[in-house]
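Welcome, and thanks for opening the viewer. Let's walk through this model one selection at a time.

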Amino acid sequence: MDELLDPDASRSHLRDWQDRIARTAANTREAGDRIAAIRATARDGNGLTEVTVDSSGALLDIRFTDRIQRTPPDAVTRAVMDAAQGARVRAAEESRRIIDDILGPDSVAGRAIADRIANPPSSHPASRPPSHPASPPPSHPASPPPSHPASRRPEHLWDLP
């Protein structure tokens, strides 16, 4: 007899499926929390600056050595950019390790998170959709909000339920 036609086997199969989904969701939240806590620091090759970034590559801290006083501004700029790039690479590597450890290297959710980290949405205001759509003209009634939770767009992929 087909397993899915047997009510007890069907319930057991459904419970197993629900358990796998719950574990995947919990693991995804854990990975997201750990990735959000990443702080990576790197120095430029000439020892002029040290840069710290978060998991998204956003600059959190920058420190300069006394050597910058004797260094042309364009060299300081290159040093900052080199250190920032090194810190971003370290943050991305740590994110990948967390994803692989928690979700596994073959995880669909893990690949989606890694892709989001590697290709973050542009931070340029002109390329971002407005956070609050403009109000419709008074002659047009407002549209009701979407009723399906899947229509919501999370700020971070790991914020998914």
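Start by selecting helix H1 (residues 7-36) and pick out Glu 30 and Arg 34, which both lie in this helix, four residues apart, about one turn of the helix. Helices here are DSSP runs of H or I with at least four residues, strands are runs of E with at least two, and both are numbered from the N terminus. Before going on, note that this is a predicted model, in which local features need pLDDT of at least 70 and side-chain atom pairs count only at pLDDT 80 or more, while totals for chains, interfaces and linings use all residues. Residues are numbered from 1 along each chain as its sequence is written, and side-chain values use heavy atoms, with hydrogens and water left out.

Show the side chains of Glu 30 and Arg 34: they meet in a salt bridge at 3.9 Å, N to O. The term stands for a side-chain nitrogen of Lys or Arg within 4 Å of a carboxyl oxygen of Asp or Glu. Glu 30 has 37% relative accessibility and counts as partly exposed; Arg 34, at 37%, is partly exposed as well. The cut-offs are under 20% relative accessible area for buried and over 50% for exposed, with partly exposed in between (1.4 Å probe, protein chains only).

Next, select the sheet. It is open, with three strands in the order S1-S2-S3 and antiparallel pairing; two strands pair if DSSP finds at least two bridges between them. Strand S1 (39-43) and strand S3 (59-64) stand at the edges with a single partner strand each, so one side of each has no neighbour in the sheet.

Now zoom in on Glu 50 in S2. Which residue stands opposite Glu 50? It is Arg 43, and the side chains of Glu 50 and Arg 43 meet in a salt bridge at 2.9 Å, N to O. Glu 50 is partly exposed at 22% relative accessibility, whereas Arg 43 is exposed at 63%. On the S3 side, the bridge partner of Glu 50 is Arg 63. Follow the hairpin of S2 and S3 to the four residues between the strands, where Gly 57 takes a positive phi near 90°.

Finish at helix H2 by selecting Arg 96 and Asp 100, four residues apart, about one turn of the helix. Their side chains form a salt bridge at 2.8 Å, N to O. Asp 100 is partly exposed at 29%, and so is Arg 96 at 30%.
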